[in-house]
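Please look over the sequence and the model before reading on.

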Amino acid sequence: MNEMYNMGLSLHSWSAVAVLVMIFLNLFVLMSSNDLKKYKKVNSLYLTPLEITLLGSLLFTGIIMMAAKHLNFTIENIVMIIIGVVLIVLESKRLKALQYLSTKKEHALAAYKPFARTILQAEFVLVLLMSLWMWFI
């Protein structure tokens with residue numbers, strides 16, 4: 001049983017690293033993009049499904065670890081749950097704003113970039129701080 005728990009913690013940690021990498025990749029693609037139509041296509045075909053899958057794996061492994069600890073709610077677990085909900089809300093706000101962005105407007109991407117960059121940076125900082133808190137306790 002202990003080996004399974006350790007493997008679950010390891011998978012949870014690697015999922016957190018993968019989410020960090022994906023947020024950074026998303027931020028990099030956003031900042032290097034100049035064409036809204038291409039950015040929307042890349043985002044909808046590759047970045048969003050991959051990021052949502054990785055976030056789902058992070059949340060799923062967290063749920064499994066909670067079940068393995070018999071739903072023992074500690075302050076760390078409560079903060080992780082809150083951060084998970086915040087990440088979902090922030091990501092949905094960013095994607096909804098991108099969805100309604102018109103490709104016919106000339107400076108639509110330039111207007112969207114600061115908003116999306118702020119959200120992605122906030123997500124990155126939240127996941128990084130939570131990960132550092134868990135890895136170095």
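How many cavities of 30 Å³ or more does the count come to? The count comes to one cavity of that size. The model is a predicted one. The chain has four helices and zero strands, and its C-alpha atoms fill a box of roughly 55 × 25 × 25 Å along the principal axes.

**Overall fold**

- Along the sequence, the pattern reads α-α-α-α.

**The largest cavity**

- The space in the largest cavity comes to about 40 Å³.
- Its lining consists of Val19, Ile23, Glu51, Leu55, Leu87, Glu91 and Glu123.
- α1, α2 and α3 are the elements that give two or more residues to this lining.
- By class, the lining of the largest cavity has four nonpolar and three charged residues, with no polar ones.

**Packing of α2 against α3**

- The axes of α2 and α3 come within 11 Å and cross at roughly 165 degrees.
- Angles over 145 degrees count as roughly antiparallel, and α2 and α3 are therefore roughly antiparallel to each other.
- The crossing of α2 and α3 is left-handed.
- On the α2 side, the contact is made by Leu36, Tyr39, Lys40, Asn43, Thr48, Glu51, Ile52, Leu55, Leu59 and Met66.
- On the α3 side, the contact is made by Asn77, Gly84, Leu87, Ile88, Glu91, Arg94, Leu95, Leu98 and Gln99.
- The residues of this contact divide into 10 nonpolar, five polar and four charged.
- Glu51, Leu55, Leu87 and Glu91 take part in the contact of α2 with α3, and these residues are also among those that line the largest cavity.

**Packing of α3 against α4**

- The axes of α3 and α4 are 10 Å apart, and the helices pack at an angle of about 165 degrees.
- α3 and α4 are therefore roughly antiparallel to each other.
- The crossing of α3 and α4 is left-handed.
- The contact of α3 with α4 has 20 nonpolar and five charged residues, and no polar ones.

**The largest pocket**

- The largest pocket has a volume of about 670 Å³.
- Its lining is made of 27 residues, and those nearest the centre of the pocket are His12, Gly62, Glu76, Asn77 and Met80.
- The elements that give two or more residues to the lining of the largest pocket are α1 (2-32), α2 (36-68), α3 (75-99) and α4 (108-135).
- By class, the lining of the largest pocket has 18 nonpolar, seven polar and two charged residues.
- Asn77 lies among the residues nearest the centre of the largest pocket, and Asn77 of α3 is also one of the residues in the contact with α2.

**The second largest pocket**

- The second largest pocket has a volume of about 150 Å³.
- Among the residues that line the second largest pocket are Met1, Met4, Tyr5, Met7, Gly8 and Leu11.
- Phe60, Thr61, Ile64, Met65 and Ala68 also line the second largest pocket.
- α1 and α2 are the elements that give two or more residues to the lining of the second largest pocket.
- The lining of the second largest pocket divides into nine nonpolar and two polar residues, with no charged ones.

Methods:
Residues numbered from 1 in each chain as written. Predicted model: local features only at pLDDT ≥ 70, side-chain atom pairs only at ≥ 80, totals over all residues. Heavy atoms only, no water. 1 Å grid on protein atoms, 1.4 Å probe; cavity = no way out; pocket = protein on both sides within 12 Å on 5 of 7 lines; lining within 4 Å. Points joined across faces, edges and corners; volume = space filled by probe spheres on them. Nonpolar A, V, L, I, M, F, W, Y, C, P; charged D, E, K, R; others polar. Axes fitted to C-alpha atoms, helices over the stretch in contact; angles between N-to-C directions. Parallel < 35°, antiparallel > 145°, perpendicular 65-115°, else oblique. Left-handed = near helix turned anticlockwise from the far one by under 90°. Contact = heavy atoms within 4.5 Å.
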